[in-house]
Structures are given as C-alpha cells and as structure tokens.
Amino acid sequence: MDLVLLRLSALGDILRVMPAWANLREAFPEARFRAVVEDRHAFLLEPLPWLEPVIVRRKRLSNPLSALPELKRVAGLIRDAEVSLDFHGILKAALIPKLAAIPERWGD
C-alpha cells in the first residue's frame, strides 16, 4: 500500500499529527508512507526514516501566479499513491491528491 499523508504548515500542528502517523506505520508496517509538508518544516521528518518527505515550496504557494503550478508539481510526485489522508483540511491540501488522481482520498 502507498499512503500519502498531508499536513502542509504549522510546526505545532505537524508535531501533533506525528503520533497518528506513527500509529499508521505500526498498523501498516509494509506500506510506503510519504508526507507532504512545506519546505520550512521538512526537518521534522528527519527522525522518521520510514516517512518519505514530499516538499511543497511555501513561497510558491503564497504567490497566486505560482500556486497552481506548485500544487501540480507536488501532485506529480505522488501520482502513483493509492490513498491520501488529509490532516490539514484546507483547499490547498485537498487539491494536491485531487490533482494527483489518487483513488482513495480521506479527509478532503
């Protein structure tokens, strides 16, 4: 199974969902896990070698002219995933798995 976990911003919020991500890893030890996070918080994933970071460039998201191309770029990186779990619940996070055409999207 190939799972994508989405939590783009807010350092504290990413820290709060990390136990849930660890529980998912424990429940599905053979699964591939990727976490979509903004570049400024990617360092939080370093202690979790089983969690592959997919980096969103924050500056590109904050610019209306580059936001959609950035979302499409990230969607291309996760296009082969089977399931996405949105721990963010906002439009920019929901658009990424939708653009990637991931068949199972939870939390959008």
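Hi everyone, let me start with one side chain: Arg-25 reaches the backbone oxygen of Pro-29 at 2.9 Å. That is a polar contact, meaning a pair of N or O atoms within 3.5 Å; within protein, one must be able to donate a hydrogen and the other to accept it, and residues adjacent in sequence count only if both atoms are side-chain atoms.

A quick word on what you're looking at. This is a predicted model, where local features need pLDDT of at least 70 and side-chain atom pairs count only at pLDDT 80 or more, while totals for chains, interfaces and linings use all residues. Residues are numbered from 1 along each chain as its sequence is written, and side-chain values use heavy atoms, with hydrogens and water left out.

Back to our arginine. Arg-25 sits in helix H1, residues 11-27; helices here are DSSP runs (H or I, at least four residues) and strands are too (E, at least two), numbered from the N terminus. Setting aside neighbours within four places in sequence, Arg-25 is in contact with Ala-31, Phe-33 and Trp-50, contact meaning heavy atoms within 4.5 Å.

Now to the strands. All five residues of S1, residues 2-6, are buried. Asp-2, Val-4 and Leu-6 cover one side, with Leu-3 and Leu-5 on the other. In a regular strand, side chains alternate between the two faces of the sheet.

Who pairs with S1? Strand S2, residues 32-38, runs parallel to S1 and is joined to it by five bridges; strands pair if DSSP finds at least two bridges between them. In S2, Arg-34 is the bridge partner of Val-4. The chain gets from S1 to S2 through H1, and this β-α-β crossover is right-handed: with the strands pointing away from the viewer, the path from the first strand over the helix to the second runs clockwise. S1 also pairs with S4, residues 83-86, in the parallel sense over four bridges, with Val-83 as the partner of Leu-3.

Finally, the inside. Which residues touch the most other members of the largest nonpolar core? Of its 19 residues, they are Leu-5, Trp-21, Phe-33, Val-37 and Leu-51. Such a core is a set of buried Ala, Val, Leu, Ile, Met, Phe, Trp, Tyr and Cys residues joined through side-chain atoms within 4.5 Å. Thanks, everyone!

Key. Buried < 20%, exposed > 50% of the residue type's maximum accessible area, 1.4 Å probe, protein only.
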